[in-house]
Amino acid sequence: MRKDDIVTVVFVNGAEVIGKFVEQLDQVVVINKPRMVQITQEGMAMVPGICMTGEEPKGDFQFNKNNVLFVIKTISQLANQYEQMTSSILMPKTGGIIQ
């Protein structure tokens, strides 16, 4: 993984977190602005945080590698949604020419 890649961290309990990859050290994986993946009736959604009842991490968060199965690059559709969710820049839904 390269710094700032949007990645999915999969944990031993099956939970998944999407965020910007910062670094991987001996004992931890560091992710910036992690978002928990949640399945809803409408499909997949990202919770602004890493657990249902906790505060939202605003910066980097360290995950213990003992609890991580693997880290993989996130599919582009979800990576784009993550970028829109965490960025202060509004992205257009469709392309077009501004006149």
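Trainee: Buried means under 20% relative accessible area, exposed over 50% and partly exposed in between (1.4 Å probe, protein chains only); where does Arg2 fall?

Mentor: Arg2 is exposed, at 60% relative accessibility. This is a predicted model, where local features need pLDDT of at least 70, side-chain atom pairs count only at pLDDT 80 or more, and totals for chains, interfaces and linings use all residues. Residues are numbered from 1 along each chain as its sequence is written, and side-chain values use heavy atoms, without hydrogens or water.

Trainee: What does Asp5 pair with?

Mentor: Asp5 forms a salt bridge with Arg2 (4.0 Å, N to O); the term needs a side-chain nitrogen of Lys or Arg within 4 Å of a carboxyl oxygen of Asp or Glu. Asp5 is buried, at 11%.

Trainee: How many salt bridges are there in the structure?

Mentor: There are 3. Another one joins Arg35 and Glu56 at 2.8 Å, N to O. Arg35 sits in strand β3 (residues 28–40) and Glu56 in the loop between β4 (43–47) and β5 (60–64), so the bridge ties parts 21 residues apart in sequence. Strands are DSSP E runs of at least two residues, numbered from the N terminus.

Trainee: Is Arg35 buried or exposed?

Mentor: Arg35 is buried, at 3% relative accessibility, while Glu56 is partly exposed at 30%.

Trainee: Which Lys does Glu56 bridge to?

Mentor: Lys58, at 3.7 Å, N to O. Lys58 is exposed, at 62%. Shared partners join Arg35, Glu56 and Lys58 into one network.

Trainee: Switching topic, which residues form the aromatic cluster?

Mentor: Phe11, Phe61 and Phe63. Ring centres must lie within 6.5 Å to pair; planes under 30 degrees apart are stacked, over 60 edge-to-face, the rest tilted. The search finds 2 aromatic pairs. Phe61 and Phe63 make a tilted one, with 5.0 Å between centres and 55° between planes. Phe63 is buried, at 8%, and Phe61 is partly exposed, at 29%.

Key:
Rings of Phe, Tyr and Trp (its six-membered ring) pair if their centres lie within 6.5 Å; planes under 30 degrees apart count as stacked, over 60 as edge-to-face and the rest as tilted. Helices (H or I, at least four residues) and strands (E, at least two) are DSSP runs, numbered from the N terminus.
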